Amino acid sequence: MGYKKIRQWAESHPYLFAAAFVSTSTLLFLPGRDLLGKGHWALLYLLVISIVASAAGSRPSLAAAVASFLAWNVFFLPPYNTFHVDDPKDWISLGVFLVVGILIGLTSGRLRERETMAVSQEREMALLNRLTGRLIAIHSSLEMAETLCTAIEGVFSPEFVRFHVLGADGKRTQLFGMKTELEIDPLEDDFLDWVAEKGKAVASSRREEQRVSGSEEIVRHSSIFRSVSRNDVFLPVPSSSRIEGILHVGGRRSRKPYSLNEVQLLFAAARMAGTFLERKRLDEAARQAETLKEGDKLKSAIFSSVSHELKTPLSSMTATVSGLLDERADLGTETVRRELGSIQKDLDRLTHSISSLLDLSRLAAEAWHPDLQWVEPGEILGWVVYRLDRHDRERVRMELPEGLPLVQVDFQQWGRMLMHVIENALAYSPPGSPVVVSTKKTSEGLETWISDEGPGIPDGEKEKAFIKFYRGSFSNLLPGGTGLGLPIAREIARVHGGEIRLENNSPKGTRVVIVLPPERIRDMKE
């Protein structure tokens, strides 16, 4: 048995250790009884008392002093094996020995206890410091509970550590420290419910009720259930507003009960956990409030944009129709045709705005699931260009290489995405300037890019351009825009596993790059 195990056994059974050590020493001394004088054996017994004091504490050393006093008298002072003493001077020696032994035991024991307390306090402060540092960097409640319980296991070596959280409705959930069927404790739930209701700790303190700090108290197990003797500890996990959970620390493997100082340390750790849970709850509430605030802003932006985008063409159509119906107006055929053409443009703009809003709502709500099919990229681009009016169609220049692979996409949605990008390029580039559309297979997948010769997008606005309703520095070039084209395009690319990004075109303008991942492409020969 090593020194560490012997010391642990001495701490667990101090009085038994004192008696056993004095008895063992006496058996070792007896064979050499005639080799040393009476005083020498007294010195050896004083050494025995010091060892007991350093290993087991001051109180067991008192028992060792009395046992050594008796052993020296019986076995090493004539006549042997009796309590009778032949020389009256030996009574003085015995008395001095007893006093010195008690003093040595008390002094050594107190030094040992102070050393133990210092080591314990250092260990406890190290535990709190580690927890403080780790909890700052942790964001998950489960990770917090695991960190806390692991640290407690490392310091106290309990049979188990369990962490329970309490919901706002008082419902208890075990977050860490699952137990097996062999660990079923019929009273555990009763103690947990009691702690959750009363907000007090349950432990084996020396008195019926011990004040820890503030209004926190330790209550003995037997105060709740008579004749119940346990070594585990139930601790509330408090915050400034309520009880956040319960920390259940099992009894030590060494069977040594927890001291009041150790329970105070566990209380400090529990309060840190309560502060963490409260902070997490408040952060979540703040995030929800911010989300609601952003939602309100988005609703306001949507309402403003929708009102403008729907009201403007409706007002224009109303004015045009009113003019056509005016009986006093003498309108020729050419004028009527021109006015009807204006109405058609307003209807197209209205239809486009409504379609964009519906597309965005479906994509954002993830209510749309792509109908994937293998198609040729040129077929989709041809469909998109065909839907443009004749003047815009003439400005689009297709540069498609031969042997392009098939792509697995939703034909309608992928085409709509390309339509939004090409219409943006046409709208923001000078009249008559070309918009180039090209595609090629790369290591990233299939890249399609649309480049124009417009004013371009500043680097600081490239990512903002994908925000709903955002209008950039050159939005005055397209006063009727909704700010939804690029956000819709990014959402469609995302649900296909792809991406879309903005680059600068050379020598001027913007280049929109759309990438479809390799798993969405297939060579014609396959």
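Strand 11 and strand 12 run antiparallel and are joined by seven bridges. Helices (H or I, at least four residues) and strands (E, at least two) are DSSP runs, numbered from the N terminus, and two strands pair if DSSP finds at least two bridges between them. Thr442 faces Gly445 of strand 12. This is a predicted model, in which local features need pLDDT of at least 70, side-chain atom pairs count only at pLDDT 80 or more, and totals for chains, interfaces and linings use all residues. Residues are numbered from 1 along each chain as its sequence is written, and side-chain values use heavy atoms, with hydrogens and water left out.

Both strands belong to an open sheet of five strands, ordered 9-11-12-14-13, whose pairing is mixed. Strand 9 (396-399) and strand 13 are its edge strands, each pairing on one side only. On average, neighbouring strands of this sheet are turned by 20 degrees against each other, direction ignored.

Another open sheet consists of three strands in the order 8-10-15, with antiparallel pairing. Strand 8 (372-375) and strand 15 (521-522) are at the edges with a single partner strand each, so one side of each has no neighbour in the sheet. Two bridges link strand 10 (residues 406-410) to strand 15 in the antiparallel sense. Leu406 has Arg522 of strand 15 as its bridge partner.

## Helix 13

Helix 13 (residues 411-428) packs on the three-stranded sheet, where it touches strand 8 and strand 10 and makes an angle of about 95 degrees with the direction of strand 10. Contact means heavy atoms within 4.5 Å; axes are lines fitted to C-alpha atoms, for helices over the stretch in contact, and angles run from 0 to 180 degrees between N-to-C directions. Helix 13 also lies across strands 9, 11, 12, 13 and 14, running at about 170 degrees to strand 14.

## Nonpolar cores

The largest nonpolar core comprises 36 residues, and Trp414, Leu418, Ile450 and Ile514 have the most contacts inside it. Such a core is a set of buried Ala, Val, Leu, Ile, Met, Phe, Trp, Tyr and Cys residues joined through side-chain atoms within 4.5 Å, buried meaning under 20% relative accessible area (1.4 Å probe, protein chains only). Helix 13 supplies the largest share of this core, nine residues.

Beyond its neighbours within four places in sequence, Trp414 is in contact with Ile380, Val409, Ile492, Ala493, His496, Ile514 and Leu516. Another core lies apart from the largest one and has 33 residues, including Leu148, Val161, Phe267 and Ala270.

Key:
Buried < 20%, exposed > 50% of the residue type's maximum accessible area, 1.4 Å probe, protein only.
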